[in-house]
Amino acid sequence: MTEDSTANGQTQGSGFLRFIGASVHRVEDQRILRGHGHYIDDLKLPGMLHAAFVRSPHAHARIGKIDTSAARALPGVVAVFTAEDIEAVTDPIGNQPMPGHKSPPIYGLTRDKVRLVGDVVAVVVAESRYLAEDGCDLVEVDYEPLPAVSTIAQALDPSGPPIFDDLGDNVAFDFPQTFGDVDGVFAQADRVIKHTFHQHRYAHVPMEGRGGVADFDPGTGHLTYHTANQAPQVFRMVLSHAVRVPVHQLRIVNAQDIGGAFGSKAQVYREDLAILAASKILGRPVKWVEDRRENLTASGQAREDDVNVEAAVKNDGTLLGLRIDLVMNQGAYPTPPNTTNTFGFMARTLLPAAYRLKAMGFRLRTVFSNKASYVPYRGPWAVETWVRERVLDIIARDLGLDPVEVRRRNLLEASDLPTSMVTGPDITQMTQRQTMDRALERIGYADFRVEQQRARSEGRWLGIGVINLMEFAPGPANFFPSLGMPSAIPEQARVRLEIDGHVTVFTAQAPHGQSHETTLAQVTADEIGVPLESVRVVHGDTGSSPFSLIGTGGSRGSSVAVGATRFAARRVKAKVLRIAAGMLEVSADDLEIVDGLVRVKGAPDKLVPLGGVATVAYMAPHMLPRGDEMGVEETSMYDGGNGGGWAYATHACVVEVDPETGQAEIKRYVVAEDCGDLINPAIVDGQIRGGIAQGIGAVLLERSTYGDDGQFMAATFMDYLLPTSVEVPPIEIEHLEIPNGDEIPFRGVGEGGAIAAPPAVNSAIEDALSQSGVRITEQYLPPARILELVGAIDQE
């Protein structure tokens, strides 16, 4: 079929429009770029009050007397609540820890002691945010400081102070597992390489922080929470018990637009419970939107892990097996419904990836500390890719082999398929070798090695890093069972033909920058045969959205959400054709829908508009085919099907390190990706580039720094640095789009850039420093640390 590009980006062929595969302009951009977006802070309700929190200046301290009298006396302050007030109308936030996991009750406000800088002690409600902040300054709290637990080593020390007195020590979870014959493969090894890897803590920094407007109706008992959450249905389920409101009387409504999240808005926070309680007590709407200092300090952080690794290796570079001891610093408080353990198990399950790993011992521990909560951040299992690819690089350097050759030697071959990772998930199709070959070709790997040697003779330190990524998107049918869950996690979608011929899609997704309003409309428009502008996507309202256990996360939008939407749209189309067949007195097989018109194939003048079909469906049900009910609305569910469900990518990065300053400059960055067919190439590339920018920032700039006393030292952008266009080079992307036979040929890419960029940049920097014999076992590499590694400055 010949296809030609049309003016607005879609492709055209055989007389009808096709939107899938075209970089159509984002539907969302029409309002956002013109300043007409609606975020949570834009919401104003009649009689609305404003809240601010009294937060702890200490990392660990017992709470004595709280004097709120001066704050209550301030004109404009309506109420000041402490833990006892909130607990009078709420219960602790529910948590579902797995067996062996110690988990404390989680209250809206802390009542016995504070456990991190920024812990919530009281909430002031006033006529304005300014007055609420002034009221917070007048609340006096007596603290008895306690020794802080800041590092993983301190948390593992049984003699250290417990974060939660009734839980004993600070080890929340300890679970060893063995996959395959670990002792056997280590006995076969020519050598065992041992290293401890440190992944530092950093923050999400969405443009828009957390927030919400709670609105309790005393007359009906209904409670509405306007917020910005990635999984509103589960959010409601968890909150319902805590706020003592039945699920059917609690409604979660996301703002029309959400200014990013990256995982930080996928859980229930204590501030949510406190704001909802305040509205219940006062019978008026209460708004809270966090400021940037609160966001950086207390909204949760990610990625603080220590990983002890033993690798069983043959002298030819073959990796036989691993012993892994992963310790995750979950901070002070769990954040239901997510648990740090879950992310650890995901890392465990994904660590073998597309390599022939015969056996693995894996011990997972999570620990409490006096830090902000460990919350998911764009690929919260990312430590597996970072550690695995670092280990392969170190094996190569220790053996004097090329890192790319070591990867080739260990990757699965087509003849190995189908197979399963030693941890369980099936692999039926594998294109990792193709993505690696394409990335190496694009970046000119062989030529670079020649250039690198020439540069070294001139005193220039160039390095290249090449790493492989395998992302579950959504993974095979046995992926979630491999994590210990009973089955794959499905997604629902509902598609309705309106009476005027327009189409409404109700999705369980809660987009916050992923462009679902565009991509789901593209799929629906193609499936039914309507213009893109005729499709509206509704999301983020528990009053209308289908249930989803995950919501938006895990790169599920372009796989399970699209699958559910496509199948529901297909059912709508089938019903439309049945109805139109009776109206036009032809067989449904002889009909097609083009640009919103149902017409007879070969006789385009014999037609009926979709609006006419809908009118019959809604207004003249007696004319419907036997067995069809009034209206045109269909629901479908999709769990990823039985296909492979993997997205593969190879990232190649070239850096130059200044030996005088330690500054690492990224000269080129190349990605070869196979995520199946592309719904909207521009959106896919935007997702990849955005993730890479975050990964580059993580290595070179970003760090949520705490002192030994638990004090937080990066609460402003003066201390928490973000990447700019100076640090992020043009990112070259190539898509392979290799067919895998799935009925839904699209796979997710949302996490990949953020997961792959840190090991790629680390690998390139290590390669640049290779003449110094440096082995990089930490992710954060600012200039001063690079100089320390090469011995240019003394380490403290």
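**Pockets, cavities and helix packing in the predicted model**

The largest share of the lining of the second largest pocket, three residues, is contributed by helix α21. The structure described here is a predicted model. The volume of this second largest pocket is about 770 Å³. Its lining consists of 25 residues, and those nearest the centre of the pocket are His198, His200, Arg703, Glu778 and Tyr780. Two or more lining residues are given by each of the elements α5 (152-156), β11 (191-199), β16 (305-313) and α21 (783-789). When the residues lining the second largest pocket are sorted by class, eleven are charged, eight are polar and six are nonpolar.

Rolling a probe the size of a water molecule over the atoms shows where empty space is left. In this model, eleven cavities of 30 Å³ or more are counted. The largest cavity holds about 160 Å³ of space. It is lined by 18 residues, and Tyr269, Arg270, Ala298, Tyr333 and Ser373 are the closest to its centre. The class composition of this lining is eleven nonpolar, three polar and four charged residues.

The second largest cavity contains about 80 Å³ of space. Its lining is formed by Arg210, Gly211, Thr227, Ala228, Asn229, Phe235, Ser264, Lys265, Gln267, Tyr269 and Asp272. Five of the residues in this lining are polar, three are nonpolar and three are charged. Tyr269 is named in the lining of the second largest cavity and is also among the residues closest to the centre of the largest cavity.

Helix α11 takes part in two packing arrangements, one with α12 and one with α20. In the first, α11 (residues 383-399) and α12 (residues 403-410) pack at an angle of about 115 degrees, and their axes lie 8 Å apart. Angles of 65 to 115 degrees count as roughly perpendicular, and the two helices α11 and α12 are therefore placed in that category. The crossing of α11 past α12 is right-handed. On the side of α11, the contact involves Glu389, Leu392, Asp393, Ile395, Ala396 and Arg397, which meet Pro403, Val406, Arg407 and Asn410 of α12. The residues of this contact comprise five nonpolar, one polar and four charged.

Residues Thr385, Trp386, Glu389, Arg390, Asp393, Ile394 and Arg397 of α11 meet Ile755, Pro758, Pro759, Asn762, Ser763, Glu766 and Asp767 of α20. By class, the contact of α11 with α20 includes six charged, five nonpolar and three polar residues. Glu389, Asp393 and Arg397 of α11 are listed in the contact with α12 and again in the contact with α20.

Several features of the backbone were also noted. Most residues other than glycine have a negative phi, and most peptide bonds are trans. Against this background, the peptide bond from Leu417 to Pro418 is cis, with omega near -5 degrees. Pro418 is located in the loop between α12 and β19 (419-420). A further cis peptide bond joins Ala473 to Pro474, and its omega is about 15 degrees. Pro474 is placed in the loop between β21 (461-472) and α15 (479-482). Val205 is not a glycine, yet its phi is positive, at about 50 degrees. This residue, Val205, belongs to the loop between β11 and β12 (211-216).

Methods. Residues numbered from 1 in each chain as written. Predicted model: local features only at pLDDT ≥ 70, side-chain atom pairs only at ≥ 80, totals over all residues. Heavy atoms only, no water. 1 Å grid on protein atoms, 1.4 Å probe; cavity = no way out; pocket = protein on both sides within 12 Å on 5 of 7 lines; lining within 4 Å. Points joined across faces, edges and corners; volume = space filled by probe spheres on them. Nonpolar A, V, L, I, M, F, W, Y, C, P; charged D, E, K, R; others polar. Helix = DSSP H or I, 4+ residues; strand = E, 2+ residues; numbered from the N terminus. Axes fitted to C-alpha atoms, helices over the stretch in contact; angles between N-to-C directions. Parallel < 35°, antiparallel > 145°, perpendicular 65-115°, else oblique. Left-handed = near helix turned anticlockwise from the far one by under 90°. Contact = heavy atoms within 4.5 Å.
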